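Subject: Structure handover

Hi,

Here is the structure I said I'd pass on to you. Have it open while you read, and I'll go through what turned up.

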Amino acid sequence: MQKRITTPGPLHDEKGRLIETGYATELIKIYDRKRIAASKLRIKEWDYYLITSDCYALALTIADNGYMGLDSISLLEFEENGEHRHYAQHTYSQMSFFTLGKRHLPATSKEGISHTKGKGYEMTFENDGKRRRLYGYMDGFGGDTLLFDVTLRDEPKDSMVIVTPFQGKEKAFYYNQKINCMRAEGKVQWKGREYLFAPAHSFAVLDWGRGVWTYKNTWYWGSASGLYEGVPFGFNIGYGFGDTSAASENMLFYDGKAHKLSQVKFKIPQKDGKDDFMSPWRFTSDDGRFEMDFRPIIDRAALTDFKVLCSDQHQVFGYFTGTAVLDDGRKLEIRNLLGFAEKVFNKW
């Protein structure tokens with residue numbers, strides 16, 4: 001079942017219950033913190049951008065998770081030239097406590113400003129409704145100052161939007177939008193090098209999340225944006241974000257249009273009873289429309305364990321090869337499309 005939401009209006013009723021669950025291709029429901037029935041300590045809000053080119057990527061996070069805030073920058077390098085291969089990742093994060101919505105992240109992804117700063121860093125995400133500008137700096141990033149200034153344009157008409165409940169938890173919900181295939185232009189400066197993003201071959205995805213989550217969960221998410229025979233193409237796949245019986249978040253994007261998929265399964269290889277993230281993965285769908293092999297090159301792993309609070313993240317970057325079938329039955333033969341797939345366990 002893939003229930004599509006087509007009626008605009010509030011996300012919650014006056015008692016804090018979701019009015020409707022399912023998927024859409026635009027941010028059709030209005031998010032309002034005042035209608036959330038849960039404590040401010042439990043409300044989680046974030047803006048996450050990933051900008052990729054052929055050889056490197058920049059990931060940016062501003063999050064207000066109620067009892068803690070998180071600001072993070074990642075710079076990834078993946079250069080393949082014949083037998084020469086260089087893969088590296090650098091991530092630096094700053095945490096703050098009891099933000100409780102005081103960061104005032106926008107209630108919509110359509111426009112607004114997300115801003116954060118702390119000792120030795122500052123990040124701003126500006127969106128005037130026509131373009132998005134992401135800029136800021138972080139001192140002490142691998143012993144040097146990292147500067148970034150990137151502008152995103154050509155936002156596709158369609159995106160992945162999902163309203164998800166959590167079974168048995170009336171106050172919990174997840175309202176999420178993923179915007180793939182935005183053109184990126186700008187640069188990162190770090191350690192005397194410029195990492196340039198040119199719109200001809202650089203793309204960005206936005207993960208815009210607002211919700212109240214259950215304490216313990218494991219999610220799976222995968223995404224890619226690029227070109228197929230010169231046409232913008234990307235996808236969003238995932239599960240574990242709550243009760244997705246009304247709709248999954250699996251979707252293809254081709255030339256600005258969304259193509260809804262059913263269920264996609266992540267098949268992570270095992271070794272000695274544990275996930276072997278750096279061996280080849282396999283993705284398969286119950287409707288046969290998404291069949292992919294995945295060759296990992298970097299595991300951006302991060303573990304934070306305070307016992308009561310825990311986050312075990314494996315965001316694995318690599319190359320997708322396989323087939324994707326559009327709504328009209330056209331089969332796209334995908335070859336070495338750069339993207340990522342992740343498995344994240346949280347107690348939060």
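Let's start with a charged pair. Asp327 makes a salt bridge with Lys257, and their closest N and O atoms are 3.9 Å apart. Asp327 sits in the loop between strand E25 (310–325) and strand E26 (331–347), while Lys257 belongs to strand E19 (residues 257–260), so this pair ties together parts that are 70 residues apart in sequence. One thing to keep in mind as you look around: this is a predicted model.

Asp327 has another partner. Arg289 forms a salt bridge with Asp327, with the closest N and O atoms 2.8 Å apart. Arg289 is in the loop between strand E23 (281–285) and strand E24 (290–305) and Asp327 is in the loop between E25 and E26, so here the parts tied together are 38 residues apart in sequence. Arg289 has a relative accessibility of 16%, so it counts as buried, the cut-off being under 20%. If the idea of such pairs is new to you, side chains of opposite charge can pair when their charged atoms come close.

Here are some more of these bridges:

- Arg282 and Glu291 meet through their side chains in a salt bridge of 3.3 Å, N to O. Arg282 is partly exposed at 31% relative accessible area, whereas Glu291 is buried at 17%.
- How many salt bridges turn up in the whole structure? The search finds 21.

Asn81 is part of strand E6 (residues 68–81), and with a relative accessible area of 60% Asn81 is exposed.

Now for the greasy parts. In soluble globular proteins, nonpolar side chains tend to be buried together. The largest nonpolar core here has 43 residues, and the ones touching the most other members are Ile51, Leu58, Leu60, Ile73, Phe148, Leu152 and Tyr175. Which strand gives the most to this core? That is strand E13 (residues 169–190), with seven residues. Click on Ile73 to see what it touches: leaving out residues up to four places away in sequence, its contacts include Leu58, Leu60, His90, Tyr92, Met123, Phe141 and Phe148. There is also a second, separate core of 28 residues, with Ala224, Leu261, Phe277 and Leu326 among them.

The largest pocket holds about 870 Å³ of space. It is lined by 37 residues, and Asn65, Leu70, Ser311, Gln313 and Asn346 are the closest to its centre. Sorted by class, that lining has 21 nonpolar, 11 polar and five charged residues.

The search of the whole structure also finds two cavities of 30 Å³ or more. The largest cavity has a volume of about 100 Å³. Its lining is made of 16 residues, with Asp47, Tyr49, Ser114, Asn127 and Arg132 nearest the centre. Strands E4 (43–52), E8 (112–118), E9 (121–127) and E15 (203–212) are the elements that each give two or more residues to that lining. By class, the lining of the largest cavity splits into six nonpolar, five polar and five charged residues.

What about the volume of the second largest cavity? That one is about 80 Å³. Among the residues lining the second largest cavity are Leu50, Asn180, Phe203, Ser223, Ala224 and Phe340. Elements E4, E15, E16 and E26 each supply two or more residues to it. Its lining has seven nonpolar, five polar and no charged residues.

Cys181 has a positive phi of about 65 degrees although it isn't a glycine. You'll find Cys181 in strand E13, and at 6% relative accessibility Cys181 counts as buried. Glu229 isn't a glycine either, yet it has a positive phi of about 50 degrees. Glu229 is in the loop between strand E16 (216–228) and strand E17 (231–239), and it is exposed, with a relative accessible area of 64%.

Cheers

Definitions and conventions. Residues numbered from 1 in each chain as written. Heavy atoms only, no water. Core = buried A, V, L, I, M, F, W, Y, C linked by side-chain atoms within 4.5 Å. Buried < 20%, exposed > 50% of the residue type's maximum accessible area, 1.4 Å probe, protein only. Helix = DSSP H or I, 4+ residues; strand = E, 2+ residues; numbered from the N terminus. Contact = heavy atoms within 4.5 Å. 1 Å grid on protein atoms, 1.4 Å probe; cavity = no way out; pocket = protein on both sides within 12 Å on 5 of 7 lines; lining within 4 Å. Points joined across faces, edges and corners; volume = space filled by probe spheres on them. Nonpolar A, V, L, I, M, F, W, Y, C, P; charged D, E, K, R; others polar. Salt bridge = Lys/Arg side-chain N within 4 Å of Asp/Glu carboxyl O.
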